[in-house]
Amino acid sequence: MLMYDLGAWMPNFPSSMRNPPPQAKGTSSLESYLDTIPEVNTTSLAIFQGALFPGRGLRSLGTYPDEHFTEEEPKQLIKAFQGRLAQISQGIQERNKSLPIPYRYLDPCQIENSTSI
């Protein structure tokens, strides 16, 4: 979810930059900005690649479909970790009910378990 939220609008997540970013605050202009962001064809290619290779889908933090441990102690530690993640997630979801715009980015169920493909 996070990657799409940030990358759905190109200025938030440019696929490349044609010039280095400004080194001092307040020194950029519209012209320097437009000279820095990628050209339309580069952005289109990046969007196409994202659609072509979407990945495996979200596997939430603490989700382990493959069983690597058969001993009881590691299994208990994993279960405790998953329980703590569930508590954190529930607290975040409760807090978000009272917010005008929910903040989901630190919710464990919205965090990818791994960055590898």
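Colleague: Is K97 buried or exposed?

Modeller: In this predicted model, K97 counts as exposed, because its relative accessibility is 64% and the cut-off for exposed is over 50%.

Colleague: Which residue does K97 form a salt bridge with?

Modeller: Its partner is E94, and their closest N and O atoms are 3.1 Å apart. Both residues sit in helix α4, 3 residues apart, or about one turn of the helix. E94 is partly exposed, at 45% relative accessible area.

Colleague: How many salt bridges are there in the whole structure?

Modeller: A search turns up 3. One of them joins R18 and E39, with the closest N and O atoms 3.4 Å apart. R18 is in the loop between α1 and α2, while E39 is in the loop between α2 and α3, so this pair ties together parts that are 21 residues apart in sequence.

Colleague: And what about E67, which side chain does that one meet?

Modeller: E67 meets K75 in a salt bridge, at 3.2 Å from N to O. E67 counts as exposed at 59%, whereas K75 is partly exposed at 34%.

Colleague: Changing topic: where is T43, and what is it in contact with?

Modeller: T43 is in helix α3, which covers residues 40-52. Leaving aside neighbours within four places in sequence, T43 is in contact with M10, S15 and P38. T43 is buried, with a relative accessible area of 14%.

Colleague: Last one: which residues form the nonpolar patch on the surface?

Modeller: That's L99, Y103, Y105 and L106, which together have about 370 Å² of accessible area. Y105 lies in the segment after α4.

Notes
Residues are numbered from 1 along each chain as its sequence is written. This is a predicted model: local features need pLDDT of at least 70, side-chain atom pairs count only at pLDDT 80 or more; totals for chains, interfaces and linings use all residues. Side-chain values use heavy atoms; hydrogens and water are left out. Helices (H or I, at least four residues) and strands (E, at least two) are DSSP runs, numbered from the N terminus. Buried means under 20% relative accessible area, exposed over 50%, partly exposed in between (1.4 Å probe, protein chains only). Contact means heavy atoms within 4.5 Å. Patches are made of residues with over 30% relative accessible area and no salt bridge: like charges are joined within 9 Å, nonpolar side chains (Val, Leu, Ile, Met, Phe, Trp, Tyr) within 5 Å. Accessible areas come from the Shrake-Rupley method with a 1.4 Å probe; for residues, only the protein chains shown count as cover. A salt bridge is a side-chain nitrogen of Lys or Arg within 4 Å of a carboxyl oxygen of Asp or Glu.
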